[in-house]
Amino acid sequence: MERFLLGSGPQEAQGDSLRLGLVSGRRRTGKTQLLTAACEAVGGLYIACVQDEGDLSARRRFASAVAGHAGLGNVIQAAPESWERLLRAALETAARLAPAGRPPLVVIDEFPYVMANAPQVPSLIQHLYDESQQGRGPGGRLILCGSALSVMHTLLSGTKPLRGRAMMDMRLNALDYREAAQLWRIQNPEVAFRVHACVGGIPGYRPLMTSVPTTADDFDGWVTDNLLSVGIGVFTHTEVDYLLREDPRITARSAYYDILSAVAQGARTPAKIGAAIGRDNNAVRYPISVLETAGYLTKAHDLLRNGKPTISVCDPIIRFDRLITTPRLGQLELGRVDPVWREAAPTFRSNILGPHFEELAREWVHRFAPDELGRPVGFGQVGFGSVQYDRGRAKHDIDVLATDGDRVRLIGEAKATLARRGLPDLERLDAIRQLLTREGWGTTETVIALFSATGFTPDLIEAAGSRPDVVLMDLKRLYGLQ
């Protein structure tokens, strides 16, 4: 971002020609805070767009923002100018008022809202950009920002007018689980893990909460006071509705809700999703692709097999809502929050904490293990896999797997069950490594990792102590606290 705004030297910072940048990210990831801070730092023009606003009102709002930046106040009385003239006026006003040595900057926040009624705007920006490159138009920096990921991603794709013209395409992702714990200032790794399983690493949720749990005893009250309380800003059913409204392609939301529920409950392929919601296999493929590009579903392949991809919900608050809130919405609306949460406890542990712990284990291998295990070049591709005992017999599922070419760098098991992991779990992974060796995979340097949310038995700890190839990962170590 800094390089885009300031360039590499004083002459470049003056912005002789227009440079285009995109910033995208899911709702509440901090895009607005970042861009308003950038405008304050360089004296830029920030323009906020509004959802479900007509074209005339949108142009009037845009013109008012430009006038306000010029110090003219809200002087727009007559019908506002065309989008082409408004865009040119914004760039020229920013250039005229930019501080010395600073590049002119214009930020259009939630740009997809403009496109809803004015789809020609990207072509108009292309025209201004091309004029600027030829020395016939205003220069500076123009940043387009939006929460509708599918819209933002297509701006630069295929034959779209802005393709090949953006110098920056930044996506703000959620914080990783360690960063999220720091943001929430949660010292207890068990509590940090549970909170992350509910709301993930989205920083915008923290200011909306009535409290922050610091001990395991606080957690239940935190859930009932926030996530399950009708009328609270982070009531998950309301929040998920907001999320789906961000994408203009999601119109008949009931079908999308059904698909998210089916995937959260274990349907992992289009055929199984279609069967779960009573729709044809082909009828669900487009909604699945929309949810994937929106960042709510993800697809992953077995690293050992070339089978069909596995579909899963990748947004924790959507998973929580589909599994916990929505099935009990009627009771929650009656205020029966505590009984609902007690009844949902088994679902929370098995369908939310279990899968989420596997995700954090894979994230640790990808993000933190290279430094913490002394493998600075990393472990290759990280995911999951499966291997069969023998022909026609049952297969072993591998929760955590890292492969690099024909070598298996790491195999692991991740469990958030109440039972501690013991010696049989290590023996199982040893057997899996032998099977992989027989199948032709290189396993001489394979690390065996056991991840447990509740710790390990003494015999496993003793056995692992004498084996440099075995790593035991509890929550403290997963969170970098030991």
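1. Glu190 and Arg194 form a salt bridge in which the closest N and O atoms are 3.0 Å apart; a salt bridge here is a side-chain nitrogen of Lys or Arg within 4 Å of a carboxyl oxygen of Asp or Glu. Both residues belong to helix α10 (residues 189–199), where they are 4 residues apart, about one turn of the helix. Helices (H or I, at least four residues) and strands (E, at least two) are DSSP runs, numbered from the N terminus. Glu190 is partly exposed at 31% relative accessibility, whereas Arg194 is buried at 16%. In these terms, buried means under 20% relative accessible area, exposed over 50%, and partly exposed in between (1.4 Å probe, protein chains only). Salt bridges that share partners also join Asp404, Arg407, Arg409 and Glu445 into one network.

2. The model is predicted: local features need pLDDT of at least 70, side-chain atom pairs count only at pLDDT 80 or more, and totals for chains, interfaces and linings use all residues. Residues are numbered from 1 along each chain as its sequence is written, and side-chain values use heavy atoms, with hydrogens and water left out.

3. The count of salt bridges comes to 33. One of them links Arg26 with Asp315, with the closest N and O atoms 2.5 Å apart. Arg26 lies in the loop between β1 and α3, and Asp315 in the loop between β7 (310–313) and α16 (316–325), so the pair ties together parts that are 289 residues apart in sequence. Arg26 is buried at 9% relative accessibility, and Asp315 is buried at 6%.

4. Another salt bridge joins the side chains of Arg59 and Asp55 at 3.0 Å, N to O. Arg59 and Asp55 are 4 residues apart in helix α4, so about one helical turn separates them. Arg59 is buried, with a relative accessible area of 15%, while Asp55 is partly exposed at 24%.

5. Strands β2 and β3 (residues 105–109) pair in the parallel sense over 4 bridges; two strands pair if DSSP finds at least two bridges between them. Within this pairing, Ala48 stands opposite Asp109 in β3.

6. Two residues deserve a check of their backbone angles. Most residues other than glycine have a negative phi. Arg28, although not a glycine, has a positive phi of about 75°. Its place is in the loop between β1 (18–25) and α3 (31–42), and Arg28 is partly exposed at 23% relative accessibility. Asp52, also not a glycine, has a positive phi of about 55°. Asp52 is in the loop between β2 and α4 (55–69) and is exposed, with a relative accessible area of 75%.

7. Which residues form a negative surface patch? They are Asp217, Asp218, Asp220, Asp225 and Asp338. Patches are made of residues with over 30% relative accessible area and no salt bridge; like charges are joined within 9 Å, and nonpolar side chains (Val, Leu, Ile, Met, Phe, Trp, Tyr) within 5 Å. Helix α11 (residues 216–227) gives the largest share of the negative patch, 4 residues. Asp218 is in helix α11 and is partly exposed at 31% relative accessible area.

8. Leu22 is found in strand β1 and is buried, with a relative accessible area of 1%. Leu22 and Arg102 are 80 residues apart in sequence and 20 Å apart in space, C-alpha to C-alpha.

Note on methods. Accessible areas come from the Shrake-Rupley method with a 1.4 Å probe; for residues, only the protein chains shown count as cover. Lys and Arg count as positive and Asp and Glu as negative; His and the chain ends are not counted. The place of a charge is taken as NZ of Lys, CZ of Arg, CG of Asp or CD of Glu.
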